[in-house]
Amino acid sequence: MNKYILNTDIQYFINKNIATDSLSVLLSNPIFDGASSKEIINQIIAAKKCENKLPTWFHTPYIYYPLPLQIEQTSSEITAQYKASLLSGKTGADISGGFGVDSFYFAKNTDTVFHVEINTELSEIVGYNFKVLGVKNINCILSDSLNFLEKQTALDWVYIDPSRRDQKKGKVFLLEDCSPNIKDILPLLWSKTQTILIKTAPILDIKAGLKDLSHVKEVQAIGVGNEVKELLWILEKDYQGPAALTAVLLESSLDSTKFTTSIDIEANSMAPKSEVLAYLYEPHAAVMKIGAFKSVAQQMGLFKLHDHSHLYTATSLVPFPGRSFKVKAVLPYNKKNLKIFTKTKANVSVRNFKSTVADLRKKHSLQDGGHVYMFFSTDLNNKAVVIVCEKI
């Protein structure tokens, strides 16, 4: 950590150039005592990445930013604040501390939080930033996570977000390929705590994870916007029941929609099929991630269009974990029916359909955007259809 970066003139230059193209800053060749152009430009790039992802840090004067890649790898504030609602107690440990965003929010519900980070510079940066942010109940520990755990007696909870990059800095996602290997350290973790919260890559297969981990009480797919951002695994010592599978759709830090199922519930659910009715429902990616293909229909009183379409319909409007649409027309798919939409602005989606969005746009001269939504899909009679809707 280069403390010259915190000099008033350099901080002024960084803030002044937040909206400036990085190449332009580089070509301007800023010269300040004690700090290189590369260091200053990295501060600017990292700050830009925080503007929407970490607004608390971005809007706090004299924050010291780590490398831009470390900002990319950290949790967003919206997901960190949600995770903090899952854990509380007197003492807890974030054993893969990183930039400290998760620890910052955990500290609001836990008396003492240990931020454990093996990278010397990053640990120093985080400790400094916590002082700037006015946080006093987080202890920054420079240590390997295993060494830290071995020295502890009892913790109310442990949070771990294992590194998903190999020695060549390539991305990995299987539990055994992450660092630390959670499968190997589970016995040590259980000797120190009753509650473990694990964050994994959204791509990790849930059934495979359930085989690798013990005492999983719940798996949560965290959705922000249209994406699944995180997969959370809540483990409780000695828990033996089935794991709940929950899709959590975060509208804001404290406003969320949840849908819960389980592998057994999904297996025993029925999803009757129907022609397209008055309303169309498209599940969020988080609902699909937990495999709620039939249970979402049964629990919400909906019909499926087709076994493989994963679109749902009903005669009435229901609060749905995903997007809801008012159906305007259902057309058999053919060139004649699509001719009236030539040059029309439309949001095009395909579900269980033979063509791609790009091909359909080109073939039928459909422009992007607007208020019209067109779903190209297959109905219960295996006929290709176009469902024209407006979003609710």
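Okay, quick definition before anything else: when I say buried, I mean under 20% relative accessible area. Keep that in mind for Thr74, which comes out at 11% relative accessibility and therefore counts as buried. And just so everyone knows, what you're looking at is a predicted model.

Thr74 sits in the loop between helix H5, residues 68-73, and helix H6, residues 77-84. So what does Thr74 touch, if we skip residues up to four places away in sequence? The list is Lys53, Leu54, Phe99 and Val101.

We've got 16 helices and 16 strands in the chain. The C-alpha trace spans about 70 × 60 × 35 Å along its principal axes. Of the 392 residues, 49% are buried. If you take contacts between residues at least 6 apart in sequence, 66% of them join residues at least 24 apart. As for the surface, the accessible area is about 19100 Å², and carbon and sulfur atoms account for 51% of that.

Now the charges, which is the part I wanted to show you. There are 45 positive and 39 negative side chains, with the centres of the two sets 9 Å apart. How many salt bridges does the structure hold? It's 13.

Let's walk through a few. Lys83 and Glu230 pair up through their side chains, 3.1 Å from N to O. That pair links distant parts of the chain: Lys83 is in helix H6, Glu230 is in strand E7, residues 227-236, and they're 147 residues apart. Are these two buried or exposed? Lys83 has 0% relative accessibility, so Lys83 counts as buried. Glu230 has a relative accessible area of 3%, so Glu230 is buried too.

Glu230 also meets Lys199 in a salt bridge, at 3.4 Å, N to O.

Lys217 forms a salt bridge with Glu236, and their closest N and O atoms are 3.5 Å apart. Lys217 lies in strand E6, residues 216-224, and Glu236 in strand E7, so this pair ties together parts 19 residues apart in sequence. What about accessibility here? Lys217 is partly exposed, at 34% relative accessible area, and Glu236 counts as partly exposed as well, at 28%.

Over on the surface, there's a patch of positive charge where Lys335, Lys339, Lys354 and Lys363 gather. Lys335 is in helix H15, residues 335-338, and at 69% relative accessibility Lys335 counts as exposed.

Last stop, Tyr105. You'll find Tyr105 in helix H7, residues 101-106, and Tyr105 is buried, with a relative accessible area of 7%. Leaving out residues up to four places away in sequence, Tyr105 touches Thr56, Trp57, Glu77, Ala80, Gln81 and Ala84. And where does Thr60 sit relative to Tyr105? Their C-alpha atoms are separated by 16 Å, and the two are 45 residues apart along the chain.

That's my tour, thanks.

Conventions:
Residues are numbered from 1 along each chain as its sequence is written. This is a predicted model: local features need pLDDT of at least 70, side-chain atom pairs count only at pLDDT 80 or more; totals for chains, interfaces and linings use all residues. Side-chain values use heavy atoms; hydrogens and water are left out. Patches are made of residues with over 30% relative accessible area and no salt bridge: like charges are joined within 9 Å, nonpolar side chains (Val, Leu, Ile, Met, Phe, Trp, Tyr) within 5 Å. Accessible areas come from the Shrake-Rupley method with a 1.4 Å probe; for residues, only the protein chains shown count as cover. A salt bridge is a side-chain nitrogen of Lys or Arg within 4 Å of a carboxyl oxygen of Asp or Glu. Lys and Arg count as positive and Asp and Glu as negative; His and the chain ends are not counted. The place of a charge is taken as NZ of Lys, CZ of Arg, CG of Asp or CD of Glu. Helices (H or I, at least four residues) and strands (E, at least two) are DSSP runs, numbered from the N terminus. Buried means under 20% relative accessible area, exposed over 50%, partly exposed in between (1.4 Å probe, protein chains only). Contact means heavy atoms within 4.5 Å.
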